[in-house]
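Visitor: I'm new to this one. Can you put it up and walk me through it?
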Amino acid sequence: MQFEIDERQPIYRQIMDALIRQIARGHWPPGGKLPSIREVAEGVRVNPNTVARAFQELERTGLVETRRGEGTFVTIDTKVIKDCREETAREVWAEFLVKIRELGFTNEDVQRLAAELKEEGKR
Amino acid sequence: MTIPAVILDNVVKRFPLTKALDGVNLAIDPGKVVGLLGHNGSGKTTMLKIIAGLRRPTSGRVEVFGMTPGVETKKRVAFLSEVNTYYDWMTVDGLLNFVKSFHPDLCLEKAAELKEFMKLKGAAKIGALSKGQQARLKLVVGLSRQADLMLLDEPLAGIDPPSRAKILHALVGELRQEGQTVIISTHEVKEAEPIFDHVVFLREGRNVLEGDAETLRAETGHSMEELFGEVLE
C-alpha cells in the first residue's frame with residue numbers, strides 16, 4: 001500500500017480510510033488476509049505504532065478481525081462490507097454536495113449535470 | 001496499569017548562569033516514539049541527560065520505569081550523545097567489543113546487521129571515517145544495545161539529508177526492538193514528522209506544547225512541522 005499522506009490530518013485515520021476503500025472495492029476480498037503492520041508501515045513510510053492504531057480502529061468497525069499470531073483478515077460477513085461501502089459512498093456524496101453547492105448548484109442543477117455527463121459518457 | 005517509561009514532575013535544572021529546565025512535566029508511555037522538539041539551547045540535551053541519569057535535576061521528581069535514575073535504570077537506558085566521544089585509533093569492531101565490555105546488553109549480531117545497513121566496515125579506523133559515517137557509527141553502537149529506552153540526541157546531525165528519512169524509518173521500524181521506547185531530540189522536524197507518536201515542544205526550558213501527534217493534528221489541523229514554527233518562533 002502506498003499513498004501520499006497529509007501531515008495536517010491524523011495519519012492513522014488516512015491509513016484506515018485507504019484500507020476501507022480497498023476492502024469496499026474488493027481489493028482485499030472477504031476472508032482475505034491484509035498486509036502486516038510492518039508491511040504497511042514500510043509502504044506508507046510511517047511508524048508501525050500508527051498502523052497498529054489504524055488496524056485497531058478498523059477492527060472496531062467489524063470490517064476486519066485480528067487472529068493472534070496469524071494476522072488481520074477481512075470479515076467473511078459480506079453484509080458488513082456492503083454496509084460500509086454504502087456508508088462511505090454517502091460520505092463521498094455529502095462531500096461532493098458541499099463542494100457543488102459552493103458553486104451555487106441546486107439539486108436540479110446536479111441532476112441536469114449528471115444526465116449531461118451520462119450522455120457524454122455514451123459518446 | 002502500565003508503568004510509564006518516563007515521568008518528569010516539575011523538573012528544574014539550574015546551571016550557575018542559566019536555567020536549562022524550568023519546570024518540565026511529562027509522562028511517556030512505554031513503546032512510544034517521542035519527538036523532543038526545540039531549537040538549540042531549549043534544554044533538549046539537559047532533559048535527555050537527566051532521564052539517562054547523567055545529570056541530577058536541581059529540583060523536581062524524575063522516574064524511569066518507576067525508578068529514580070541510577071545504576072538500575074542505566075542498565076535499561078541507552079543514551080546517544082550528540083558529541084562524538086570515541087577514540088580515533090579504534091576500529092569499528094574494536095569499538096563494539098570495547099562497548100560490550102561495559103554494556104553486556106550489546107548484541108553483536110544486531111551490530112553486524114546495523115553495520116551492513118549503515119554501510120560501515122568493521123575494520124575501518126574511526127579516525128578515518130567521515131562525519132556522516134561517524135554519525136552512523138554512533139547509531140550502530142546505540143541501537144545494538146537491547147535497551148528498553150533509547151535516548152537519541154540529534155541523531156541526524158551530520159547525516160546527509162537524502163539518507164535521513166531512510167535511517168529514521170529503519171530506526172522506528174525494522175531496527176527497533178519490540179516495545180522499545182525511543183526519545184529523539186531534533187530541531188529538524190520535516191523528515192521525522194511521520195514517525196512520532198508523541199511530541200514535546202521545548203522552549204526556554206519549558207514544554208510549551210505536548211501531546212499525542214495524531215490528536216494534535218486532529219485538533220489543530222497542522223502538521224508537527226507547522227506547529228514547530230508556530231509554537232517555537
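Guide: Helices here are DSSP runs of H or I with at least four residues, numbered from the N terminus. This is a predicted model, where local features need pLDDT of at least 70 and side-chain atom pairs pLDDT 80 or more, while totals for chains and interfaces use all residues. Residues are numbered from 1 along each chain, chains are lettered from A as written, and side-chain values use heavy atoms, without hydrogens and water.

Visitor: Which helices supply the negative patch?
Guide: Helix 2 (37-44) of chain A and helix 4 (108-117) of chain B each supply at least two of its residues.

Visitor: Which residues gather there?
Guide: A:Glu39, A:Glu42, B:Glu113, B:Glu116 and B:Glu174. A patch takes residues with over 30% relative accessible area and no salt bridge, like charges being joined within 9 Å. Accessible areas are Shrake-Rupley values with a 1.4 Å probe, only the protein chains shown counting as cover. Asp and Glu count as negative, and the charge of Glu is placed at CD.

Visitor: Switching topic: how many salt bridges are there between chain A and chain B?
Guide: The count is 2, a salt bridge being a side-chain nitrogen of Lys or Arg within 4 Å of a carboxyl oxygen of Asp or Glu. A:Arg53 forms a salt bridge with B:Asp212, at 3.1 Å between the closest N and O atoms.

Visitor: And over all chains?
Guide: The structure holds 23. Among them is A:Asp83 with A:Lys79, 2.8 Å from N to O.

Definitions and conventions
Patches are made of residues with over 30% relative accessible area and no salt bridge: like charges are joined within 9 Å, nonpolar side chains (Val, Leu, Ile, Met, Phe, Trp, Tyr) within 5 Å.
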